[in-house]
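I opened this entry to note what I looked up about the chain as a whole, its domains and the surroundings of its ligand.

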Amino acid sequence: MALIQHKNVQVRFDQQAENSANYVLPFIAETHVINAATSVMEVGCAEGGVLLPFLQKGCSCVGVDLAEGRVEQAKEFLIDYVQQAKATLLAQNIYDEDFVEKYQGSFDIIILKDVIEHVPEQGKFIPHLTRFLRPGGQIFFGFPPWHMPFGGHQQICEGKLASKLPYYHILPRGLYTALLKALGESEGNIVALQEIWDTRITIGQFEQFVQQADLKVLRKQHYLINPIYKYKFGLQPRKQLDFIGSIPYLRNFITTCVYYTVGK
Ligand SMILES: C[S@@+](CC[C@H](N)C(=O)[O-])C[C@H]1O[C@@H](n2cnc3c(N)ncnc32)[C@H](O)[C@@H]1O
């Protein structure tokens, strides 16, 4: 069911910024200094709220997203920083040659928050990200792993049952699609949910891609209750219990969000 942040872009921006200030920035600051000399890129920046706390610390920031409309919104929200040349916001694909040429070796920190689960071929995408890092640079990933109760993003469904039913996204694609149809979801929503099914990523797959890209996990935090559930469901964030985090199969089903910073 549509939440207020789905309809109101100001609310969405404010939530992105508050979550970033309270969780994303402090998490990254454990392994990397964040000050006026730090250059940051957010891939999948949407309205740009995640970047705001970094800009407030004086960082130089580039936000890039495939969704042109969302980038235009970001330019409005971050207009002061754009005018000071502290923020650059681009609707572009990071595989574009001119983007690579301009920004390779440019960033101390790259942020992907709630993005990697939407990206196809993560095994190719994660190594590509490393091209943009300065020596000693780090990449932050925060995402909802596939097997968690709402890992299919079914909360976006219009129907009450379809949006509240946990775990059914794990069904084979055809069965999942048939169930969404039977529950009365629109064609547009079904296509969006199929795309997420196609790009799904588990905790184990993510860690494997990181290892294959020759990156090391510098810090990780698993959450039983995702910090952004405060805005979605009114729930207080809760870290995952350590012993559950160490049981691979079980942890997959009851970890609603993971944060990682990785580097060489
Ligand atoms: C769920 S939103 C997350 C927005 C923001 N990072 C946040 O945490 O609120 C995912 C965003 O990633 C963007 N995105 C998906 N794949 C992308 C890609 N390959 N390159 C750049 N942006 C991408 C989408 O357009 C969308 O704006």
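I began with burial and found that 39% of the 264 residues of the chain count as buried, a residue being buried if 20 or more other C-beta atoms, placed from the backbone, lie within 10 Å of its own. I kept in mind that this is a predicted model, in which local features need pLDDT of at least 70 and side-chain atom pairs count only at pLDDT 80 or more, while totals for chains, interfaces and linings use all residues. I number residues from 1 along each chain as its sequence is written.

Next I looked up the overall dimensions. The C-alpha atoms of the chain fill a box of roughly 50 × 40 × 35 Å along the principal axes. I also counted 14 helices and eight strands in the chain, taken as DSSP runs (H or I, at least four residues, for helices; E, at least two, for strands).

I then turned to the domains, whose bounds come from an automatic or database domain assignment. Domain 1 covers 4-147 + 200-263, and domain 2 covers 154-198. Their centres, taken over C-alpha atoms, are separated by 25 Å. Five residues of domain 1 are in contact with four residues of domain 2, contact meaning C-beta atoms, placed from the backbone, within 7 Å.

Last, I checked the ligand. Among the 17 residues around the ligand, Gly44, Ala46, Ala67, Lys113 and Asp114 come nearest, where a residue is near if its C-beta atom, placed from the backbone, lies within 6 Å.

Notes: Contact = placed C-beta atoms within 7 Å. Buried ≥ 20, exposed ≤ 12 C-beta atoms within 10 Å, placed from the backbone.
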